[in-house]
Structures are given as C-alpha cells and as structure tokens.
Amino acid sequence: MRDDGGNSGRSKNLEQILNNTKPAKAPRKRPQNKSDSNVVSIFGTGNVVGSGNSVVNNIIHNPAPVITKVFVKPGDGVIDEPQKVALKALVDDIVALERELKRAPKGHGAVWGALNRKMGVTSYLLIPAEKFLAARKTLNEWRGRLLSAKSAPTKLGDELRKRRITAIQTRSRQIPGGTARRLAYMQENFGVASLTELDDQQIERVYRHVIAWKA
C-alpha cells in the first residue's frame, strides 16, 4: 500500500523550502562618476564644448618676444642732433630720387641699412662722431650717382637743375673756404658770380667740379 500521508508531507516540506528560498541578488553596478565621463582636453582659451561634456582647458603661455631698443645719450661719442638731421635729409632726398628714377627703388630701410653696414653699426644713432663726414660723403655719392643717371634730365626736367644748384651750395659750405673757391672757379671759367646766370651745361660743370673736392 502507498503511504499517501508521507508523500503529502514531503511535498509540503519541499514547497515550503522553495517558497522560503530568496533569488540570488544581481551584482551591484558601481555608479559612474560624472566627472569621469566624456572628458575632453582642449588646448587654448575660450573653448566651449556641448552635449554634457566636461572641458579641461590647458592654457599655453608663450613668452613675449624680446624687443631691443637703442638709447643713446648726446655727447657719448656718437653723432649729435644736427648731424642726425643732416643725414636724415640726405636719406630722404635719395629715397625721393630712387622713386623718380628707378624701376625698383630702394626705400628708407634699404638706404639706412646700407649706410649702417658701411659705418659698421647697427643703427645710424650709433655712428661715431668722427665718422660723420664719411657717412655724409657716402650719402652724397649715392645721391650724385642718381642725379648723373642718363634718365635724370628727362625724368626730372627743371627739378634736376634745382637739385644740382642745391648740391653745389651744400658742398661749398661743407668744405672750408668752399664758397670762395666756387665763386673763383665760376668767375674764371664763365665770367659770372651767380649760379642763376649759368645754363644747364655750365651748372653741370660746376657741380662735377665741387663734388670732386676732398674734405
């Protein structure tokens, strides 16, 4: 005979065991740190990134370039203010002639650069006082070459005559006793005492004569 009572008791005990058994818990996920997600590194300043991203600005500071300025006190062995003005006037005249006579004219920077190299300095402010005459001679020779160009009479016209007269007068003042020497030359060769009485060819002769004088 089957013992139904025993089977029934075992079924109840098994059902109770199953009901009292709790399901295994799933492993907990570690919450994601918001600061760790979507981190974007950007170099520079003033950057904006959307979509919930964090921004890490890496600011790069570049050192400013060093600018060297030349400060020279008057009287410390270099050319003085009147001498600077004289050289500037010559450079301005050369640049003006370059523009009128040359297809590829030299500007102020090129003229000053050539003079500085000739004088062995980095700035005309540093030209030694004893080299002023040499600096002026260099610029006068440059100016003279431009005025002697074949195209000068055509391109400059009456302006060439005016520039020649100015150059003659300037050169005469630069040489001790130069004005008296010039007047004597004009009187002996042309019988006149004024540059305005000379024609263009005579002006050219006087110009070449005084420019050849040595200081």
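The structure holds nine salt bridges, a salt bridge being a side-chain nitrogen of Lys or Arg within 4 Å of a carboxyl oxygen of Asp or Glu. This is a predicted model, in which local features need pLDDT of at least 70 and side-chain atom pairs count only at pLDDT 80 or more, while totals for chains, interfaces and linings use all residues. Residues are numbered from 1 along each chain as its sequence is written, and side-chain values use heavy atoms, without hydrogens and water.

**Exercise 1.** Determine how the span of helix α2 agrees with its number of residues.

*Solution.*
1. Helices are DSSP runs (H or I) of at least four residues, numbered from the N terminus.
2. The expected span is 1.5 Å times one less than the number of residues.
3. Helix α2 (residues 81–101) has 21 residues and should therefore span 30 Å; its end C-alpha atoms are 30 Å apart, in agreement.

**Exercise 2.** Describe the surroundings of E98.

*Solution.*
1. E98 is placed in helix α2.
2. E98 counts as buried because its relative accessibility is 1%; buried means under 20% relative accessible area, exposed over 50%, and partly exposed in between (1.4 Å probe, protein chains only).
3. Beyond its neighbours within four places in sequence, E98 contacts P105, K106, W142 and L146, where contact means heavy atoms within 4.5 Å.
4. A polar atom of the E98 side chain lies 3.2 Å from the backbone nitrogen of K106.

**Exercise 3.** Explain what the salt bridge between R143 and D93 ties together.

*Solution.*
1. The side chains of R143 and D93 meet at 2.3 Å, N to O.
2. R143 lies in helix α4 and D93 in helix α2, so the pair ties together parts 50 residues apart in sequence.
3. Both R143 and D93 are buried.

Methods. Helix = DSSP H or I, 4+ residues; strand = E, 2+ residues; numbered from the N terminus. Polar contact = N/O pair within 3.5 Å; in protein donor to acceptor, adjacent residues only side chain to side chain.
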